[in-house]
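The exercises below ask you to read helix packing and model confidence from a structure. Work through each task before you turn to its solution.

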Amino acid sequence: MTSRIPRDSRLRLVRPRPLAAAPRAVNQRRPRRPAPRPPEGTPAPAELAGMARAGLAGAVRLARWADAALGPGRHGATADGKATLSDATAERAAADLGLSVAQVRADWDTARLAGLVEVHGDSARPGWRLRAWDRDDSAVLRGWVALFDAWSLASPEPEEHEPAAVAEVVSAMPQVLSFLQLSAGPVPVEQLLDLLQQRVTELRTERCEVAYEPGTGRPAGSPAPASAAPAADAPLAPLLDWALRALASVGALTYGGGQATLTPLGNWAVWVKLEQICVAAQSPAGNIEQSAEDMLRGCAQLRPNAARAEYRAWLAARPVGSAVTELIDAARGDDALLRGLAFEALRVVGAPAEPDVRAVVAEPALRPYALLWLAEHDGIDPEDAHEVLTREEATWLWVDTAAAVADHGEAPMLVRHLESAVQPTVPQLLDEVRAVGHPRTVQVLVALAAAHPDPALAKAVRRAAFQVHTGG
C-alpha cells in the first residue's frame, strides 16, 4: 500500500467553518457499513481489555499514586505544590511503590502516552481513561491503541542514526505490521528486513523520484564518497531491531530468536487499523434518568436534532440551576467530546445558563467554548461567532476538538479536521499547536500522523509529537 497523494503540505483553502460547529462534527457520522468480523481466533473485547489492563498495570498504578499523593489539596503533596515528575517526585514515587526511579519514569511516560495522565504546564492530573479504567473496556482498549500508535515515542530513537532514516522506518512499519498480521504467525526477521527495505525504497522514490541502493543513502549508480562506509556498515537491520523492540515494549508483538509475532492485542489493533474502524463508546440506556456525563455519552452517537431532543427531555426532568451546574461540571472533565456536547446542551438551556457560562470564561479549558456560547447568545451569527476567539484560543479549541475525534471518531474524520484549522499551512499549524500547550497535544499529533495518508505530512506531524513529548 503506497500513497499517491502529492507532497504539498499546505492546507486546502476552504470557506471558514465555524469552530462552534466543530464539536458537532464528531456526531455527524456517515452511514455505518456492517461491522466486519475480526479474524478467526481473535479474543473477545473483554479478554483483549484484560490483556491491556495487565500490560499497563504499572502505568495505572503510578497514575493512581500520583492522583492520590499529588492531587490538588491532597495531604502529602510535594513541597513546591506541583504534580510534575520532578526528581524529588520520582524518588518519592519509587520509595512508595518499591520501584527504581528508572522504572517510575518509564511507567510515567507510558501513562502519558496512553492518556492515563495529562500534564498541564507544571501540574498533572488523571486522564478520563483512568477514571473509567476498571469499568469501561472500550476506554481501556482506546488507551492501549493510543500507546500502540505512539510506539516510536515509547523507546528512545537510536542516536547513531540520522533522524531522517528513523522517520523512514517509522513510516514504513505499518506495512511491516500488516504483513505480520496477514501472516498470522511467527515471521523471520530476515523476511521483515527485506520488506522494510522495499518499503523504504518506495518511500524514497515517491519523495524524490531517485532510486536508492538498498541499505544506503546513495542514489543508485553514484560513486560512493571516499569517507563513506560500505553498505553493510549502514544497514536498516539495526533500525528494524529498534522498531521491533519498541513495539514489543508496548505489548504489540513478541520478538526473539530471530522471529517476530504479533500478540493478540497487536493483531487486533492492526486489523482495526486496516479496517478503519474504532471501538465506539457504548451509549447507556435511559439517558433522561442519567447523570449529565452519562447522558452526554448516550447522546454522542445521535444526530444533532435527536441529541437536542434528548437534551430538552433531560433538562425538563430537573431544576434548571442544578442541570446547568451538572453540565458545566461534565465540561470540566477530561473527555473533550463531553466538553463540546455539554455546551451544545447549554445552548438548549439558553438565557438561564448565561451567568454560569460567563463565570467560567476565566477557566482556560472552557474559555473558547464559553466565548462562542456567549457570542451566539448575544445574537452573533454562528457562522461568524468564531471571530471572537484569539488565534491562540482558536488553536486550543482545534486541538481539543481533535482530541475528541481521536478518542471517539474515525481516522478519516481526524484527517478532515485539518480543514478547520485557522493556520494556512501545516508547519504554521504545528508551531502554534505546540505553543498553546494543550495537554492532549502529543496524543492528537500521534493520532493524526497515524491516520494521514501523506507520508511527508505524517513524518512532520510525528516529529512535532516527538518534540513535544521530549520537551524539545
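**Exercise 1.** At what angle do α12 and α14 pack, and how far apart are their axes?

*Solution.* The model is a predicted one, in which local features need pLDDT of at least 70 and side-chain atom pairs count only at pLDDT 80 or more, while totals for chains, interfaces and linings use all residues. Residues are numbered from 1 along each chain as its sequence is written, and side-chain values use heavy atoms, with hydrogens and water left out.

Step 1: α12 and α14 pack at about 70°, and their axes are 8 Å apart; axes are lines fitted to C-alpha atoms, for helices over the stretch in contact, and angles run from 0 to 180 degrees between N-to-C directions. Helices here are DSSP runs (H or I, at least four residues), numbered from the N terminus.

Step 2: The angle therefore makes α12 roughly perpendicular to α14, given that 65 to 115 degrees counts as roughly perpendicular, under 35 as roughly parallel, over 145 as roughly antiparallel and the rest as oblique.

Step 3: α12 passes α14 in a right-handed crossing, where right-handed means that the near helix is turned clockwise from the far one by less than a right angle, and left-handed means anticlockwise.

Step 4: A292, E293, M295 and L296 of α12 make the contact with E326, L327 and A330 of α14, contact being heavy atoms within 4.5 Å. These residues divide into five nonpolar, no polar and two charged, with Ala, Val, Leu, Ile, Met, Phe, Trp, Tyr, Cys and Pro counted as nonpolar, Asp, Glu, Lys and Arg as charged, and the others, Gly among them, as polar.

**Exercise 2.** Describe how α12 packs with α13, and then follow E310 to its other contacts.

*Solution.* Step 1: Helix α12 (residues 292-299) and helix α13 (residues 304-316) have axes 10 Å apart and an angle of about 160°, and they are therefore roughly antiparallel to each other. Their crossing is right-handed.

Step 2: From α12, the residues A292, M295, L296 and C299 meet A307, E310, Y311 and W314 of α13. By class, this contact has seven nonpolar, no polar and one charged residues.

Step 3: E310, which lies in α13, touches N287, I288, C299 and L302 when residues up to four places away in sequence are not counted. Although E310 and N287 are 23 residues apart in sequence, their C-alpha atoms are 7.6 Å apart in space.

**Exercise 3.** How do the axes of α14 and α15 cross, and which residues make the contact?

*Solution.* Step 1: The axes of helix α14 (residues 320-331) and helix α15 (residues 336-349) come within 8 Å and cross at roughly 160°, which means that α14 is roughly antiparallel to α15. The crossing is left-handed.

Step 2: V320, V324, L327, I328, A330 and A331 of α14 make the contact with L338, R339, A342, F343, A345, L346 and V349 of α15. By class there are twelve nonpolar, no polar and one charged residues.

**Exercise 4.** Over which residues does pLDDT stay under 50?

*Solution.* Step 1: The mean pLDDT of the protein is 79, and 80% of its residues reach 70 or more; pLDDT is the predictor's confidence in each residue, from 0 to 100.

Step 2: Values stay under 50 over residues 73-81, for which the model has twelve contacts beyond four places in sequence, and also over residues 221-234, for which it has seven such contacts. Where pLDDT is low, the predicted coordinates should not be read in detail.

Terms used. Helices (H or I, at least four residues) and strands (E, at least two) are DSSP runs, numbered from the N terminus.
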